[in-house]
Amino acid sequence: MRYYRTQGLVFLIPILVIVGIFYGMIVWNFVVAFTGWQGLQATWKFVGFYNFSRLFSLQRFWVNIGNNLRWLLFFITPTVFGGFVLAYLLNNLGRGEKILWQVFLFPMSLSFIITGVLWAWMYDPSSGLINSILRFLGVNTSRLGWIALPQTAVYCMIVAAFWQYLGFALVIYLGAIKGIPYEMVEAAKVDGASHFTVAFRVIFPNVGHATLICTTMLAITTVKVFDLVWVMTRGGPGVSTEVLPYLMYRLTFDSRDIGMGAATSIVILGFSAIMVIPYSLWALKKWVRV
């Protein structure tokens, strides 16, 4: 069947319209961020950077920035490292591989809402599973408040997200490892290389494209994390577990400060660009030939 360029363009029109609407909404958001829109009635009065100056003057905002950085550091690194190590071990396991990677992948089928409810119950200081087991083992749990304590709440949520996304990193790395020529690994083993050397000096440098995918996807997940915070702590105790998407929601829908909420979303967009784009360009140059 002969293919015509005009026919291709016709079939692309629906997706082009959707993409156009998406970028149009970003532009609209930029415009709203520079207006004094408060309440349900739209106000298109230009106020310059007033919404941003108010946002940056909030101590709560800087707590949110700190929490987003904690998520980036303590969620991405262990998940990527754990996914790679598990993939290497399962690849050498043999028969049990197909069953075990599905076990690790299962949490990915759950939404953050279900994960949040499940782990909030497990972290419950009085009747949760973790403290119940510790009390059974004779451990004094009177000071183990988990998500009830400002010092530990963020890290408890990161553990829940790690549990959910470990299978994702595992599958990505497992597929990448299977694409490596078997002769390369065998040659290293014949030369007397240990499992550690084979894993981190032979295989890991050759699965850089998997690391790029995992790190980028997990970074995007951390920047937009909202539902896990909403379900497990509602940003508390105090504002100790709030992140930028949660602050944007509270400003927009609770305080009805639409202009300031839009300004927060612009900050999130910039935060994502700063985190993801430089790393992706560096990783593409280092690990992937384009």
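## The second largest pocket

The second largest pocket holds about 210 Å³ of space. A pocket here is an open set of points on a 1 Å grid over the protein atoms alone, where a 1.4 Å probe fits, with protein on both sides within 12 Å along at least five of seven lines; lining residues have an atom within 4 Å of a point. Points are joined across faces, edges and corners, and the volume is the space filled by probe spheres set on them.

Its lining takes in 13 residues, with Asn91, Asn92, Ile177, Tyr182 and Val185 nearest the centre. At least two lining residues come from each of H3 (59-91), H7 (153-178), H8 (182-190) and H9 (195-203), and H8 gives the most, with four. (Helices are DSSP runs of H or I with at least four residues, strands are E runs of at least two, and both are numbered from the N terminus.) By class, eight of the lining residues are nonpolar, two polar and three charged; nonpolar covers Ala, Val, Leu, Ile, Met, Phe, Trp, Tyr, Cys and Pro, charged covers Asp, Glu, Lys and Arg, and the others, Gly among them, are polar.

## What you're looking at

This is a predicted model, where local features need pLDDT of at least 70 and side-chain atom pairs count only at pLDDT 80 or more, while totals for chains, interfaces and linings use all residues. Residues are numbered from 1 along each chain as its sequence is written, and side-chain values use heavy atoms, with hydrogens and water left out.

The protein chain has 13 helices and zero strands. Its C-alpha trace spans about 75 × 75 × 35 Å along the principal axes. Of its 290 residues, 39% count as buried (under 20% relative accessible area; exposed is over 50% and partly exposed is in between, with a 1.4 Å probe and protein chains only). If you take contacts between residues at least 6 apart in sequence, 69% of them join residues at least 24 apart; a contact means heavy atoms within 4.5 Å.

## The largest pocket

The largest pocket has a volume of about 790 Å³. Its lining counts 26 residues, and Asn29, Met248, Ser265, Ile268 and Leu269 sit nearest its centre. H1 (5-33), H10 (208-223), H12 (244-254) and H13 (258-287) each put at least two residues into that lining, with H13 giving the most at eleven. By class, the lining has 20 nonpolar, five polar and one charged residues.

## How the helices pack

H4 (residues 97-105) packs on H7 at an angle of about 145°, their axes 7 Å apart. (Axes are lines fitted to C-alpha atoms, for helices over the stretch in contact, and angles run from 0 to 180 degrees between N-to-C directions.) On the H4 side the contact uses Glu97, Trp101, Phe104 and Leu105, and on the H7 side Leu166, Gly167, Phe168, Leu170, Val171, Leu174 and Lys178. That makes eight nonpolar, one polar and two charged residues.

H3 and H12 also cross at roughly 145°, and their axes come within 8 Å.

Asn67 lies in H3 and is buried at 2% relative accessibility. Leaving out residues up to four places away in sequence, Asn67 touches Val154, Val239, Ser240, Thr241, Glu242 and Val243.

The largest nonpolar core has 69 residues, of which Trp71, Phe75, Tyr173, Ile203, Val207, Leu228 and Met232 touch the most other members. H7 gives the most to this core, with 15 residues. (Such a core is a set of buried Ala, Val, Leu, Ile, Met, Phe, Trp, Tyr and Cys residues joined through side-chain atoms within 4.5 Å.)

Most residues other than glycine have a negative phi, and most peptide bonds are trans. Gly236 and Pro237 are joined by a cis peptide bond, with omega about -5°; Pro237 lies in the loop between H11 (227-232) and H12. Arg234 is found in the loop between H11 and H12, and has a positive phi of about 55°.
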